[in-house]
Amino acid sequence: MNLKQQVRKIEIDLTNNIKKLLSPTKKNIVIFLPIGTYYKQLGNLPKKLSQKHNVVLAKMTPMPIDFESQFSSNISVGWLVRTTDGEMPIHIDLKEIDIIIEMDSSHLIGIEDDFLSKTAKRIFMPHSMLQAPKVSPHDYVIAPSKIFVECYKRIHPNHINQLIYGGYPKFDISLTPSLARAIDRITYAPTLRIVDFMFASSVCAGYDANILEWLLNNTDEKIAYRPHPSAYSKEITEMYGMLKSRFVSESRLIFDESPGDRFYAQTRILITDCSTTAYTFSLSTLRPSIFFAPLESDDIEMVKHAHRIGYVAKNFRELKRILEKNEDKSQEIAAFREECVFNIGRSEEAICEAIDSILTP
Amino acid sequence: MEKKESEGLQGIRRSGQERDLLPGSAKETWRLLRFCQTAVSFWSVCLIWRPMSFSEETGRRADILYLSKNPQNITQATINALEDRNRIVLIDSLQNLQDTCCLVTTTSHIAYAYAFYYQKPAIFFMPSFNSIDIDAPQFIMLQIIALFAHSLESLKEQVLFCMRDSSKGEEIAEFLGRSLI
């Protein structure tokens, strides 16, 4: 069987298998999750949608059972066949699918815009509260915040897709009181570093190592290194391993790999370069974040609004001053939260209502 | 001497095109790191300490000569972030650095040019490693010219050592005085 024949067989099998999961009576919503990293941003949305509709998870990586249990059913899918003869994308077109909700990683890894269905309405769900994507081929885009909307309109001045002022389910979940834990640490949470060769791994690990060394030498608190969720499974594993080895004997340093937002409760202040995590942390806990040495840019929303949730430290001296000052910024952060984020505490309901109105025009 | 230096160091002048020569994955890393000016500065930095103004008695510190292959805006942003930025002098080649005491780099081969030409040590700053093993014969050059620093603290110690002690330079000079066979 040649490559073309193999792909054709997979397309037929996969189409039949997905069809078995689609409902003839209910509206069919597929949540397509090609990369498992950002599933937390859905919050409990699949569960809420499943109360009324048939909601299928199309995944490419194994997902936690408690997440999968929110769906009516789930299926593993692929989008590309690669053999020694070459590679070929898989084409599937299911007219029975009414809506496909996609996360922002699908187009980044090269998946075609009409994968799974050419007729389904497509909804894009960003993982950043503030930063709009540069590419957005979807019919609808869920906007978490006013800043996202402004950014989206600036990047796509002639956009024809509709913005849904929905909010951010992951953020709403972080507002739910969790188990009380002592606030005893400074968390350093840098952005994702995609590095796939030794030198770049060394550069990135070295950069983070310098910051960790400085924090250990200039503070008395516990220091937590919070790697990007992809650190465990993707190309940056080597870089992360280097960092762990460097500090293997440092008892005050914790490599925090706990899932979701558990680390918020214990963190007094969060340090990042320009991660959107700073916003979900500060806007849910009302504790400040510090952006360390970001390159000032009009294009990066996370940096532009940094002062609304904390500080920018250009160097270690400024970082020291901010940490020692230990100011209460809760009122300012709360005011920013009210001003900026859509549907605080009820984003899942708002998104469900918007989806219902798309399904019943 | 002036003429000889520029002839000998032509090949290590900064080139504005060097970023375009990076392999694809390196470019991707560059793109991801561009938000973090400090990280970018680690990409291809050579820092060279000029100890002329250093004095333990007065507490004055050395100037830092900064040879960067980064784009100009990134380099300038890095310098602007430093409080004592007046001590940082941008240079675009290794010429006329006889009065410097050492070179600091991440992993650049420019260290060889500097060390053998000026007979001064090169410090390889590798904070992502706990140690480096250079006992193997292929690293004999490194054994002669290099010092290693694996933390900010040890970098400071190595730079101060180079300011105060010329023994590493003498070792390089002694090596250059030997014959191949």
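Predicted model: local features only at pLDDT ≥ 70, side-chain atom pairs only at ≥ 80, totals over all residues.
## A walk through chains A and B

The side chain of Ser128(A) gets to within 3.2 Å of the backbone nitrogen of Leu130(A), a polar contact, meaning a pair of N or O atoms within 3.5 Å where, within protein, one must be able to donate a hydrogen and the other to accept it, and where residues adjacent in sequence count only if both atoms are side-chain atoms. Residues are numbered from 1 along each chain as its sequence is written, chains are lettered from A and ligands numbered from 1 in the order in which they are written, and side-chain values use heavy atoms, with hydrogens and water left out.

Back to Ser128(A). That side chain also reaches the backbone nitrogen of Gln131(A), at 2.9 Å. You'll find Ser128(A) in the loop between strand 7 (121–125) and strand 8 (140–143) of chain A; helices (H or I, at least four residues) and strands (E, at least two) are DSSP runs, numbered from the N terminus. Is Ser128(A) buried or exposed? Its relative accessibility is 7%, so Ser128(A) counts as buried (buried is under 20% relative accessible area, exposed over 50%, partly exposed in between, with a 1.4 Å probe and protein chains only). Skip the neighbours within four places in sequence, and Ser128(A) is in contact (heavy atoms within 4.5 Å) with Pro144(A), Phe148(A), Tyr168(A), Thr276(A) and Met302(A).

Lys118(A) counts as exposed because its relative accessibility is 59%. Along the chain, Lys118(A) and Lys95(A) are 23 residues apart, yet 7.3 Å separates their C-alpha atoms.

Now for some helix packing. Helix 6 (residues 198–218) and helix 11 (residues 316–325) of chain A have axes that come within 12 Å and cross at roughly 45 degrees. Axes here are lines fitted to C-alpha atoms, for helices over the stretch in contact, and angles run from 0 to 180 degrees between N-to-C directions. So helix 6 of chain A is oblique to helix 11 of chain A (under 35 degrees is roughly parallel, over 145 roughly antiparallel, 65 to 115 roughly perpendicular, and the rest oblique). Among the residues that meet here are Trp214(A) from helix 6 and Phe316(A) from helix 11 of chain A. The contact divides into 6 nonpolar, 2 polar and 1 charged residues; Ala, Val, Leu, Ile, Met, Phe, Trp, Tyr, Cys and Pro count as nonpolar, Asp, Glu, Lys and Arg as charged, and the others, Gly among them, as polar.

Helix 6 of chain A has another partner: helix 7 (residues 237–246) of chain A packs against it at about 40 degrees, with the axes 8 Å apart. That angle makes helix 6 of chain A oblique to helix 7 of chain A. By class, this contact has 8 nonpolar, 2 polar and 4 charged residues.

Over in chain B, there are 8 helices and 6 strands, and 48% of its 181 residues count as buried. One to look for is Thr75(B), in helix 4 (residues 72–80) of chain B. Thr75(B) counts as buried because its relative accessibility is 2%. Leaving aside neighbours within four places in sequence, Thr75(B) touches Tyr66(B), Ser68(B), Asn70(B) and Leu90(B).
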